[in-house]
Every structure is written in C-alpha cells, then in structure tokens.
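My notes are in the order in which I checked things.

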Amino acid sequence: MPRVIISGAGIAGTVLAYWLGKNAFDVVVVERSMSSTQSGQIIDVEGPAQEIVTRMGLMEEIKSNVTHEAGMRFVDDSGKEFARFPVGSTGISNEIEIMRPALSGILLAAAENLPNVEFRNGCTIQGLQQTTSDVIVDIHDKANGTTSQEHFDILVAADGLRSPTRDLILPASMKASCLKSIDVFAAFFSIPTEPQDRPYANLYQATGRRGLFTKPMNEQETSAYVMHCKYDQRLHDARESRDIDRQKNAIAALYQGLGWETDRLIKGMMETKNFYFEEISQ
C-alpha cells in the first residue's frame, strides 16, 4: 500500500486524506495544532466543491449546518441601505455558506472513519530528504518533544499560503519569489450578534479603498471582515510580525471612526480571540 504524508489538516488536507484513503493509500496527516481548530469564518461551498462533498455523501449534513444568510445589503456611513442582493441573484451570497469549524468537523469525521487514515495533532515536519525511491521525513511531536524519521512514497504540502513545508521543498533561491502580494489586506474575526446582523450580510465601503462587512454566523456571533485594498507599510509590518495585538492595533488606527458600525466592529475585533489577518497573495 503506497504511503502518503500530508502536512496540514485543513479543508484541503482532510479532503485529500479521505480520497487517498478511499483509494488504498496509507495516509498520515500531521497538523501543528494540538486539536482541531474551532476558529475561522464563513466558507462558500459551490462549483466543483459541491460535486466533491456530494460524492463523499456529506452534502445533506453540510446543508443542515449552513448560516441561512438571505443575501447582501449595501449600506452608507449612516447605515442606510441603498442596494440589496438576495441569495443566488449575483453570486455575492450563496445558498451553501457554512462556518469553517463546522465544515472542518464534518470532513474530519469522514476521513477519520477510514482505517488507513491517521491524524497526528501537535506534529510538524522539521526536515525532509528525497531519495530515488521515497522521501524521508523528520516529524516533530510537540507533546513529548521528540523527532522521528519515517519513510513515505509521497509528501503533500497542504499547510496554507505561507507553508513551512513548501520552504523545506523549494531551494532557497525560490522561496522569496514563490509568493506575490496583491496589495490587499484582510482581517477576519467574530463579534457578538446584534439584531441588524441577520438575516442579511451588510457591506460598507469607506473612503481610501477601505471596506467592512458583516455576515450572519449564528444567534450569538456575527462574522466580521475588514478589507484594505491598497498597500500599507504598517499593515505589512504587522502581518510579518505575527503579533496579533500589533495587527489589531494597526487595523484600528486606520478604521476607527469611519462611520456606519465601524467602531462596534473594531471594539469587537480588539476583544475577540477568533481573529485572523493576512496580506492576500498569489
């Protein structure tokens, strides 16, 4: 049985593990988090993704966990609506929108049910060596502080945009050139729900190529987004620092007092633990 190691137990890594497991591969998935993540925001399931989850037999379970968003409202700085687009009318809002933790849990349960698929949380790939017949992988276990070597036929890097596994694969001369920023910064986070957050998403476009919007998550929490669509050195440096407090402060300095419900969103952002910030890149 061919042996495969996948770095990253996110959506892509978990789905790949399922299909490899269903097709007679022995699969190990290593994930740096100690447990399956409960953070993350809304994911659309559309196009080829619908066919994939249907073939996995998971479509009905996914549909039963959607956010029930009715569409998108465009609002001005006073909160007055000036345009509305119901679900399915433009592609702005989609019929199957689900929170990432819910989708991840559904996919993970399907993959873990296969006897030849193993998930190892708290483990990372620290080194690798390709031979003429296989790849030798150094796997570090954070729980006990040990590193072991194992042999695999295939290694797959599914650990995100800034994949540390990719850095181990590529020569040093290619590492800096494999990512290109598109000069867009985005923050994704959760805030307490208020009545105006449901059932429609709300989008506010401010001056200076700045935008904010909310999307319904559940009756307790709302998914919030801040978009900055031009290069900003302070935001770039904050992202590079990986310091969440620094990232939040940099965003707050640019968005506080912009109108609509900006101050509420920024206050919620400063208080939440469910926060992710990225400089969008190709």
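Entry 1: I am working from a predicted model.

**Entry 2: helix 1 and helix 4.** I describe each helix pair by the angle between the axes and the distance between them. For helix 1 and helix 4 (residues 100–112), I find axes that come within 9 Å and cross at roughly 20°. An angle under 35 degrees counts as roughly parallel, so I note helix 1 and helix 4 as roughly parallel to each other. Their crossing is left-handed. I listed the residues that make the contact: helix 1 gives I11, T14, V15 and Y18, and helix 4 gives R100, L103, S104, L107, L108, A110 and A111. Sorted by class, the contact of helix 1 with helix 4 has eight nonpolar, two polar and one charged residues.

**Entry 3: helix 7 and helix 8.** Next I took helix 7 (residues 233–241) and helix 8 (residues 244–255). Their axes cross at roughly 165° and come within 8 Å. The cut-off for roughly antiparallel is over 145 degrees, and helix 7 and helix 8 are therefore roughly antiparallel to each other. I record the crossing in which helix 7 passes helix 8 as left-handed. On the helix 7 side, the contact is made by R234, L235, D237, A238, R239 and S241; on the helix 8 side, by R246, Q247, N249, A250, I251, A253 and L254. I get six nonpolar, three polar and four charged residues for the contact of helix 7 with helix 8.

**Entry 4: helix 8 and helix 9.** I then followed helix 8 to its packing with helix 9. The angle is about 170° and the axes are 10 Å apart. That makes helix 8 roughly antiparallel to helix 9. K248, N249, I251, A252 and Y255 of helix 8 make the contact with T262, I266, M269 and M270 of helix 9. By class, I note six nonpolar, two polar and one charged residues in the contact of helix 8 with helix 9. N249 and I251 are also listed in the contact of helix 8 with helix 7.

**Entry 5: D263.** I stayed with helix 9 (residues 262–271), which holds D263. What does D263 contact, leaving aside its neighbours within four places in sequence? I find Q256 and G257. A polar atom of the D263 side chain lies 2.7 Å from the backbone nitrogen of G257. I also checked D263 against A252, eleven residues apart along the chain, and their C-alpha atoms are separated by 8.8 Å.

**Entry 6: backbone geometry.** Most residues other than glycine have a negative phi, and most peptide bonds are trans. I looked for departures from this.

- A24 has a positive phi of about 70° although it is not a glycine. A24 sits in the loop between helix 1 (11–22) and strand 2 (26–31). With 44% relative accessibility, A24 counts as partly exposed.
- D183 is not a glycine either, and has a positive phi of about 60°. I place D183 in strand 12. Its relative accessible area is 34%, so D183 is partly exposed.
- The peptide bond from R198 to P199 is cis, and its omega is near 0°. P199 belongs to the loop between strand 12 (181–192) and strand 13 (200–206).

**Entry 7: T214.** Leaving aside neighbours within four places in sequence, I list its contacts as D197, A201, N202, T222, S223, A224, W260 and L265.

**Entry 8: C178.** I found C178 in the loop between helix 6 (172–175) and strand 12. At 28% relative accessibility, C178 counts as partly exposed. Not counting residues up to four places away in sequence, C178 touches R166, L170 and Q282. I also took C178 against W260, 82 residues apart along the chain: their C-alpha atoms are separated by 38 Å. W260 is one of the residues I listed in contact with T214.

Methods: Residues are numbered from 1 along each chain as its sequence is written. This is a predicted model: local features need pLDDT of at least 70, side-chain atom pairs count only at pLDDT 80 or more; totals for chains, interfaces and linings use all residues. Side-chain values use heavy atoms; hydrogens and water are left out. Helices (H or I, at least four residues) and strands (E, at least two) are DSSP runs, numbered from the N terminus. Contact means heavy atoms within 4.5 Å. A polar contact is a pair of N or O atoms within 3.5 Å; within protein, one must be able to donate a hydrogen and the other to accept it, and residues adjacent in sequence count only if both atoms are side-chain atoms. Axes are lines fitted to C-alpha atoms, for helices over the stretch in contact, and angles run from 0 to 180 degrees between N-to-C directions. Angles under 35 degrees count as roughly parallel, over 145 as roughly antiparallel, 65 to 115 as roughly perpendicular and the rest as oblique. A crossing is left-handed if the near helix is turned anticlockwise from the far one by less than a right angle, and right-handed if clockwise. Ala, Val, Leu, Ile, Met, Phe, Trp, Tyr, Cys and Pro count as nonpolar, Asp, Glu, Lys and Arg as charged, and the others, Gly among them, as polar. Buried means under 20% relative accessible area, exposed over 50%, partly exposed in between (1.4 Å probe, protein chains only).
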